[in-house]
Amino acid sequence: MNKTEKATAIESLKERFANNDYFYIADASTLTVAEVNKLRGICFKRGVSMQVVKNTLARKALEQLPEENNYAPLFDSLKGPSAILFAEIGNAPAKAIKEFRDEQGERPVLKAAYIATSIYSGDNQLDTLAKLKSRDEVLADILTLLQSPMQNLLSGLNGAGSRLAGALKTLEERTEA
């Protein structure tokens, strides 16, 4: 790879990192070509893009991005064979890895995950990452929580209103008699 190709690769990676709030770094070495293709298929089905990268190019791309994004702790993970899984949903790569492992074994191994400025390091974080809720799931939970008190209030008002109407009708009947 010559300098121009490296610069192009770094710029491409830099753009992908900048445009993705969620990405995982995994070690998919020792997988056969058929297994890698199967993993890519599972990733595609879940909306995850998998890219095998040179660690030095990934590191250089991350170093060129703003420091407030907190990429520095990821640098230790960029050793050995690395594949980067980019996603729109934070838990999608973890679910893809778990699905693949259920069928194939212990690989790929999670090195690190970047979830909107938070870093999760090590394969032991995979279950935690798979259980993370997506933004849409969190918003749905919030709406459900907000809706519940309003529904209770409305049902209480409806119940109180019918009891009040019944009491008024009883009083009216008594005064007529």
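Predicted model: local features only at pLDDT ≥ 70, side-chain atom pairs only at ≥ 80, totals over all residues.
Before I start, one definition: a residue counts as buried under 20% relative accessible area, as exposed over 50%, and as partly exposed in between. Asp123, at 28%, is therefore partly exposed.

First, the layout. The protein chain has 6 helices and 5 strands. Starting at the N terminus, their order is α-β-α-β-α-β-α-β-β-α-α. Of the 177 residues in the chain, 32% are buried.

Let me stay with Asp123 and turn to salt bridges. The whole structure has 9 of them. In one, the side chains of Asp123 and Arg101 meet, at 2.4 Å from N to O. The two residues are 22 apart in the chain, with Asp123 in the loop between β5 and α5 and Arg101 in helix α4. Arg101 has a relative accessible area of 18%, so Arg101 is buried.

Next, Asp27 and Arg107. Their closest N and O atoms are 3.0 Å apart, and they form a salt bridge. This pair links distant parts of the chain: Asp27 sits in strand β1, Arg107 in the loop between α4 and β4, and 80 residues separate them. Is Asp27 buried or exposed? Its relative accessibility is 14%, so Asp27 counts as buried. Arg107 has 26% and is therefore partly exposed.

Lys14 is partly exposed at 23%, and Glu11 is partly exposed at 43%. Lys14 also has a neighbour from elsewhere in the sequence to point out: Gln64 is 50 residues away along the chain, yet the C-alpha atoms are 7.4 Å apart. Gln64 belongs to the loop between α3 and β3. One last item on salt bridges: Lys45, Arg46 and Glu99 are joined in a network of them.

Now the aromatic rings. A pair of rings is described by the distance between the centres and the angle between the planes. How many aromatic pairs does the structure hold? There are 6. In the pair of Phe23 and Phe86, the ring centres are 6.0 Å apart and the planes stand at 50°, so this pair is tilted. Phe23 is in strand β1 and Phe86 in strand β3, 63 residues apart. Both are buried: Phe23 has 1% relative accessibility, and Phe86 has 2%.

Tyr71 and Tyr114 make another tilted pair, with 4.8 Å between centres and 40° between planes. Tyr71 is in the loop between α3 and β3, Tyr114 is in strand β4, and they are 43 residues apart. Tyr71 is buried at 5%, and Tyr114 is buried at 3%. Together with Phe17, these residues belong to one cluster: ring pairs link Phe17, Phe23, Tyr71, Phe86 and Tyr114.

Finally, the surface. Lys3, Lys6, Lys54 and Lys60 form a positive patch. Lys6 lies in helix α1, and at 39% relative accessibility Lys6 is partly exposed. There is also a nonpolar patch, made of Val138, Leu139, Ile142, Leu143 and Leu146, with about 450 Å² of accessible area together. Leu139 is in helix α6, which covers residues 135-176. Leu139 has a relative accessible area of 39%, so Leu139 is partly exposed.

Terms used: Residues numbered from 1 in each chain as written. Heavy atoms only, no water. Patch = residues over 30% accessible without salt bridge, like charges linked within 9 Å, V, L, I, M, F, W, Y side chains within 5 Å. Areas by Shrake-Rupley, 256 points an atom, 1.4 Å probe, with all protein chains shown as cover. Salt bridge = Lys/Arg side-chain N within 4 Å of Asp/Glu carboxyl O. Lys, Arg positive; Asp, Glu negative; His and termini not counted. Charge placed at Lys NZ, Arg CZ, Asp CG, Glu CD. Helix = DSSP H or I, 4+ residues; strand = E, 2+ residues; numbered from the N terminus. Buried < 20%, exposed > 50% of the residue type's maximum accessible area, 1.4 Å probe, protein only. Phe/Tyr/Trp six-rings, centres within 6.5 Å; stacked < 30°, edge-to-face > 60°.
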